[in-house]
Amino acid sequence: HITSKPHSADRMRMHSHALFVLLLCSLLVGAATAEPSRELTYKDCHPDDKAVLLAFPDSWSSSWAPDTLCCDWFAVACDRSTGRVVGFSVFQDPSFTGTIPSTIAGLTHLEDLFLHHLPGLSGPIPPAIGKLANLSRLEISWTGVSGPVPSSLGKLKKLTQLDLSFNSLSGAIPVSLRTIPGITLSRNRLSGAIPQMFLSESAGQDVYLDVSHNNLTGAIPAAFAAVNFTHLDLSRNGLTGDASGLFGRGKELQYIDLSRNAFDFDLSGVVVLPEKLFHLDLSHNAIHGSIPAQVVDVANLLAFNVSYNRLCGPVPTGRNMARFDLYNFQHNKCLCGAPLPPCKK
């Protein structure tokens, strides 16, 4: 019996198959050896960041075990491709006490810092937070922190959202915050006038500002007329003067609350309500003139209150005005017409 030798084409196929098996094996071995390194990169934080975290007060770090992966620690968020700590968030934890350590500035890649509803948190906001150059969102709210708003926060050029509401902060609003498009400082003890250059460098950005429930006084900055507010709450302060420049056709303003101040300006005539407005509260001021007839054309207006002012003349009727009752118009000088008593002829 004679066995024939493989043809040339058969030998080439056998050689290619062997090479394929060899390549597949090498890939599998390579993947297996690379896996531990990839796991380390993805899960463990940078040694410098870990050292900063472990230096935090005991009430902040008691649940962290030094021999575990710090990207898995409570409150810590990491960039899985670099291992750098980019987020630190604690919400509604009564055991979270003490002061904010200045050493938090050592987390140089931090982008988000949220400390919310922590009644045991006290002391000042450390100016060192102004060194966190990558910070884009900062919230320290519903805590016991006190003292001034650090002017160093104005150095954070990437910061777009600042919420320091429901604290015991005092002093003036720093003019250095003029570039931040989203600011909430409500429910504090801030005093003095709103700085003239505040928000002066926000041109081209939609601006959200809430400084309600403070002790602010004086006139609002004239430059506010050029700021592209979408949300503006100045309520429950001691602000005075003319606020008519905040209004105007073509503005993006959707929400404005000027209530419980001492604003004094003519609501009729030059005041044109923005088309996108859905909330307008001017109650408890010294505003005079009449209600602009144009108000009936603001289709999305859901909240409208001009009570406790010095307005006169008939209440406009039709369209959206059917949504509002006596409460929205009461205690004015001589407003009349439904839902108020009829106008005298």
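## An aromatic cluster

Phe 56 and Trp 60 are both buried. In this predicted model, the rings of these two residues have their centres 5.5 Å apart and their planes at 80 degrees, so the pair is edge-to-face. Phe 56 also pairs with Trp 64, with 6.3 Å from centre to centre and 45 degrees between the planes, and this pair is tilted. Trp 64 is buried, as is Phe 56.

These residues belong to a wider group. Phe 56, Trp 60 and Trp 64 form one aromatic cluster together with Trp 73, Phe 88 and Phe 96. Across the structure, the count of aromatic pairs is 13. A pair of aromatic rings is described by two quantities, the distance of the centres and the angle of the planes.

## Disulfides

The structure has 4 disulfides. When the bonded cysteines of the protein chain are numbered in sequence order, the pairing reads 1-2, 3-4, 5-6, 7-8.

One of the disulfides links Cys 71 and Cys 78, with an S to S distance of 2.1 Å. The angle about the S-S bond of Cys 71 and Cys 78 is -95 degrees, and the link is left-handed. Are these two cysteines buried or exposed? Both Cys 71 and Cys 78 are buried.

Cys 312 and Cys 334 form another disulfide, and their sulfur atoms are 1.5 Å apart. The angle about the S-S bond of Cys 312 and Cys 334 is 90 degrees, and the link is right-handed. Cys 312 is partly exposed, at 22% relative accessible area. Cys 334 is partly exposed too, at 35%.

A disulfide also joins Cys 336 to Cys 343, with an S to S distance of 1.9 Å. The torsion about the S-S bond of Cys 336 and Cys 343 is about 90 degrees, so this disulfide is right-handed. The two ends fall into separate classes of accessibility because buried means under 20% relative accessible area. Cys 336 has a relative accessibility of 12% and counts as buried, whereas Cys 343 has 33% and counts as partly exposed.

Side chains of opposite charge can pair when their charged atoms come close. In the whole structure, 6 salt bridges are found. One of them is formed by the side chains of Arg 137 and Asp 112, with an N to O distance of 2.8 Å. Which parts of the chain does this pair tie together? Arg 137 lies in strand β5 (residues 137-147) and Asp 112 in strand β4 (residues 112-123), so the pair ties together parts that are 25 residues apart in sequence.

Arg 137 counts as partly exposed, with a relative accessibility of 31%. Asp 112, by contrast, is buried, with a relative accessible area of 15%.

## Salt bridges between two loops

Arg 249 and Glu 275 form a salt bridge in which the closest N and O atoms are 3.8 Å apart. The pair links distant parts of the chain, 26 residues apart: Arg 249 is in the loop between β13 (238-241) and β14 (255-257), and Glu 275 is in the loop between β15 (262-263) and β16 (279-281). Arg 249 counts as exposed, at 59% relative accessibility. Glu 275 is partly exposed, with a relative accessible area of 39%.

Another salt bridge is formed by Glu 252 and Lys 276, whose closest N and O atoms are 2.6 Å apart. Glu 252 lies in the loop between β13 and β14 and Lys 276 in the loop between β15 and β16, so the pair ties together parts that are 24 residues apart in sequence. Glu 252 is partly exposed, at 25% relative accessible area. Lys 276 is also partly exposed, at 42%.

Terms used
Residues numbered from 1 in each chain as written. Predicted model: local features only at pLDDT ≥ 70, side-chain atom pairs only at ≥ 80, totals over all residues. Heavy atoms only, no water. Disulfide = S-S within 2.5 Å. Buried < 20%, exposed > 50% of the residue type's maximum accessible area, 1.4 Å probe, protein only. Phe/Tyr/Trp six-rings, centres within 6.5 Å; stacked < 30°, edge-to-face > 60°. Salt bridge = Lys/Arg side-chain N within 4 Å of Asp/Glu carboxyl O. Helix = DSSP H or I, 4+ residues; strand = E, 2+ residues; numbered from the N terminus.
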